[in-house]
Amino acid sequence: MVSDMKTSLRPKNIEQQIAQVKADLARLGPLHPGSLSRQYNVCGKPGCRCKDPKNPRRHGPYHQLNYVYGGKKTSEFVRPQNLKQVRTQLANYKRFRRLIDQWIGLALKQARSEIQK
Ligand SMILES: [Zn+2]
């Protein structure tokens, strides 16, 4: 059973690794590109705390989601009750990009090994 041992010690072949990446991609939940930032605003109301001459306290934080899609920059406010969901979507997007990079890396490796055959 020497040959079997050899096989088990070898890392998974490239086809198997690509299949794993595809399976991980298929399982990926809702995703969203971009990043969150915090904004503090000044309103227009006279005598408001944000206009206090001695100790101005601006309103916020408001969470803003910034992203680029199709060369177009977009930013939108995120309601506090949606923050958790948006953070999950952003994390899924990062995972998505990592998996794509992995797939490309494996595809390159595969292309090189095909040429060597
Ligand atoms: Zn104000």
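Mentor: What follows is a set of questions about labels and the values behind them.

Mentor: First, the ground rules. This is a predicted model, in which local features need pLDDT of at least 70, side-chain atom pairs count only at pLDDT 80 or more, and totals for chains, interfaces and linings use all residues. Residues are numbered from 1 along each chain as its sequence is written, and side-chain values use heavy atoms, with hydrogens and water left out.

Trainee: What makes up the secondary structure of the protein?

Mentor: There are 3 helices and 3 strands. From the N terminus the order is α-α-β-β-β-α. Helices (H or I, at least four residues) and strands (E, at least two) are DSSP runs, numbered from the N terminus.

Trainee: How do you know which atoms are protein donors of the zinc ion?

Mentor: Use the distance. Donors are N, O and S atoms within 2.8 Å of the metal (3.2 Å for Na, K and Ca); water is not among the atoms, so sites may look incomplete. Here Cys43 (SG), Cys48 (SG), Cys50 (SG) and His59 (NE2) lie 1.9 to 2.3 Å from the zinc ion. They therefore count as donors. Their spacing in sequence is C-x4-C-x1-C-x8-H.

Trainee: Why is the arrangement around the zinc ion called tetrahedral?

Mentor: Check the angles. Four donors count as tetrahedral if all angles lie between 85 and 135 degrees; four count as square planar and six as octahedral if opposite donors are over 155 degrees apart and all others between 65 and 115; anything else is irregular. The 4 donor atoms here subtend angles of 101 to 114°, so the arrangement is tetrahedral. For four tetrahedral donors, the ideal angle at a metal is 109.5 degrees.

Trainee: What about cysteine 48 and cysteine 50: buried or exposed?

Mentor: Both are buried. The cut-offs are these: buried means under 20% relative accessible area, exposed over 50%, and partly exposed in between (1.4 Å probe, protein chains only). Across the protein, buried residues make up 21% of the 117 residues.

Trainee: Why does histidine 63 count as buried?

Mentor: Its relative accessibility is 13%, so histidine 63 falls in the buried class. Histidine 63 lies in strand 2. Beyond residues up to four places away in sequence, histidine 63 touches several others, including Leu36, Glu76 and Arg87. Contact means heavy atoms within 4.5 Å.

Trainee: And why is arginine 58 called partly exposed?

Mentor: Arginine 58 has 47% relative accessibility, so it counts as partly exposed. This residue sits in the loop between strand 1 (35-41) and strand 2. Leaving aside neighbours within four places in sequence, its contacts include Tyr40, Arg49 and Cys50. Arginine 58 and cysteine 43 are 15 residues apart in sequence, with 8.1 Å from C-alpha to C-alpha.

Trainee: How do you know that aspartate 24 and arginine 27 form a salt bridge?

Mentor: A salt bridge is a side-chain nitrogen of Lys or Arg within 4 Å of a carboxyl oxygen of Asp or Glu. For aspartate 24 and arginine 27, N to O is 2.7 Å. The pair therefore meets the rule. Both residues lie in helix 2 (residues 14-27), 3 residues apart, about one turn of the helix. Aspartate 24 is buried at 14%, whereas arginine 27 is exposed at 60%.

Trainee: What makes arginine 95 and aspartate 24 a salt bridge?

Mentor: Their closest N and O atoms are 3.8 Å apart. The salt-bridge limit is within 4 Å, so the pair counts. Arginine 95 is in helix 3 (residues 83-116) and aspartate 24 in helix 2, 71 residues apart. Shared partners join Asp24, Arg27 and Arg95 into one network. The structure holds 2 salt bridges.

Trainee: How many aromatic pairs are there?

Mentor: The count is 2. Rings of Phe, Tyr and Trp (its six-membered ring) pair if their centres lie within 6.5 Å; planes under 30 degrees apart count as stacked, over 60 as edge-to-face and the rest as tilted. Tyrosine 62 and phenylalanine 77 are 6.2 Å centre to centre with 75° between the planes, an edge-to-face pair. Tyrosine 62 lies in strand 2 (residues 59-69) and phenylalanine 77 in strand 3 (residues 72-78), so the pair ties together parts 15 residues apart in sequence.

Trainee: Why is the pair of tyrosine 93 and phenylalanine 96 called tilted?

Mentor: The ring centres of tyrosine 93 and phenylalanine 96 are 6.1 Å apart and the planes are at 40°, so the pair is tilted. These two residues are 3 residues apart in helix 3, about one helical turn.
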